Amino acid sequence: MTSPGPEAIVDGADVLVVDDDRANTMLLHDLLEVLGYLPRVAHSGQEALEAAHARTPDLVLLDVMMPGMDGFQVCRKLRAEEATRLVPIVLVTALHETQDRIQGIEAGADDFLSKPFNRHELSARVRSLLRIRSLHARLERSLAAERRLSELKEHLVHLVVHDLRNPLTGVMGNLDLLFLQKVQVSDKHLGFLKEARRGAVDLLGMINSLLDVTKMEEGELELHRESTDLGALAKEAAADFAAAAERDGKSLVVEAAVDLPAVQGDRHLLRRVFQNLVSNALKYVERGGHVRVDVARAGPAQATEPTPAAAGGAAPAAGIECRVEDDGEGIPESYHAKIFEKFGQVSARADRKRSGTGLGLPFCKLAVEAHGGRIRVESEPGKGSRFVLWLPG
């Protein structure tokens, strides 16, 4: 079913005419009816508000000088209501002073029509505002449909990914049984089984990352805080990749300052942050390349961004700064924000396949921010990358 065109709301539009002078409302009513609209009338500000609440009009022609509640007051009240805040309002007035026009604009009026009005001018102004209203309504419908589709997709992905975890756990369990029972297979087939389990572990990590990212986005992931040594944690995480780095001819070094203060953090989440950053760095350096992890004290001036407390005027806390640097191909500045978005990826070189899920860095950003920290990237093509994260001590 196609969306109605801009003319759909223009022809046959619901126009509310508000004026305490019944002769004026009758004249405007008849003229609007001849022009193809569906006019309604109200003879006071209160009647106008009640009519607008009963059925939202497509446009309001509003007299200014009315007893009791004047047009400016009615205009402000219509703008304050969610249902009528975007309805075009034309003030019909005999006032010509600039200050009166300014007051009308401040009240929320979209246009003015001077008394006595010209029939052709009335027709042109009404039709123009209705066309704008129609286009805006179409845009709102489109955005609402897009939001619904996005929410449906997120819900579907969450359900599918959640359901994938059970059969995948079963696959890993059966592979583990084969290893425990020491089934007699050739070295070649044993290698196949090990690769299958390694792939299953990677896939389970991706599933858990997606579920955790979704939970963190919705503020539903509970942090299990404990006293954590970030230096030791960084070394543990890097140790997981040491053998692979050596095999591939890549240097991986971790340096942690002595006597670092402990942080109150979720050890499991923060370890995964380091794992993601180190894995990402190793992925984009060539044989002979270098990856370095540094963990050191950082005062407020070294924080990647001001903490909320600092922004409010209170003294910002000192913390710990962790840097993961590589001398790989680097990241163009235009991608610095994109890589922290869910499923955001940088296009790889022509001779390198695009890899990863686009979940690692968004996970890092959300996990670090959940601890009150900040993360940023410093990089440019050909000069490697440095990921800097700051956590309060």
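My entries below go from the sheet to the helices. I kept in mind throughout that this is a predicted model.

**The sheet.** I began with the strands and found 5 of them in an open sheet, ordered S2-S1-S3-S4-S5. The pairing is parallel. At the edges I noted strand S2 (38-42) and strand S5 (111-114), each of which pairs on one side only. I also looked up the twist, which averages 20 degrees from one strand to the next.

**S3 and S4.** I then took a look at one pair of strands. S3 and S4 run parallel and are joined by 4 bridges. I found valine 60 opposite isoleucine 89 of S4.

**H3.** Next I checked how this helix sits on the sheet. H3 lies across strand S1 (14-18) and S2, and its angle to S1 is about 165 degrees.

**H4.** Which residues of helix H4 (residues 71-80) are buried? I listed Gly71, Phe72, Val74, Cys75 and Leu78. Viewed down the axis of H4, these buried residues fall within an arc of 160 degrees, so they line one face of the helix. I was reminded that an α-helix has 3.6 residues a turn, so residues three or four places apart point the same way.

**The start of H4.** My last stop was the N-terminal end of H4, which aspartate 70 caps. I found a side-chain oxygen of aspartate 70 at 3.1 Å from the backbone nitrogen of phenylalanine 72. Phe72 is also one of the buried residues of H4.

Methods
Residues are numbered from 1 along each chain as its sequence is written. This is a predicted model: local features need pLDDT of at least 70, side-chain atom pairs count only at pLDDT 80 or more; totals for chains, interfaces and linings use all residues. Side-chain values use heavy atoms; hydrogens and water are left out. Buried means under 20% relative accessible area, exposed over 50%, partly exposed in between (1.4 Å probe, protein chains only). Helices (H or I, at least four residues) and strands (E, at least two) are DSSP runs, numbered from the N terminus. The arc is that of the directions from the helix axis to the C-beta atoms. A polar contact is a pair of N or O atoms within 3.5 Å; within protein, one must be able to donate a hydrogen and the other to accept it, and residues adjacent in sequence count only if both atoms are side-chain atoms. Two strands pair if DSSP finds at least two bridges between them. Axes are lines fitted to C-alpha atoms, for helices over the stretch in contact, and angles run from 0 to 180 degrees between N-to-C directions. Contact means heavy atoms within 4.5 Å.
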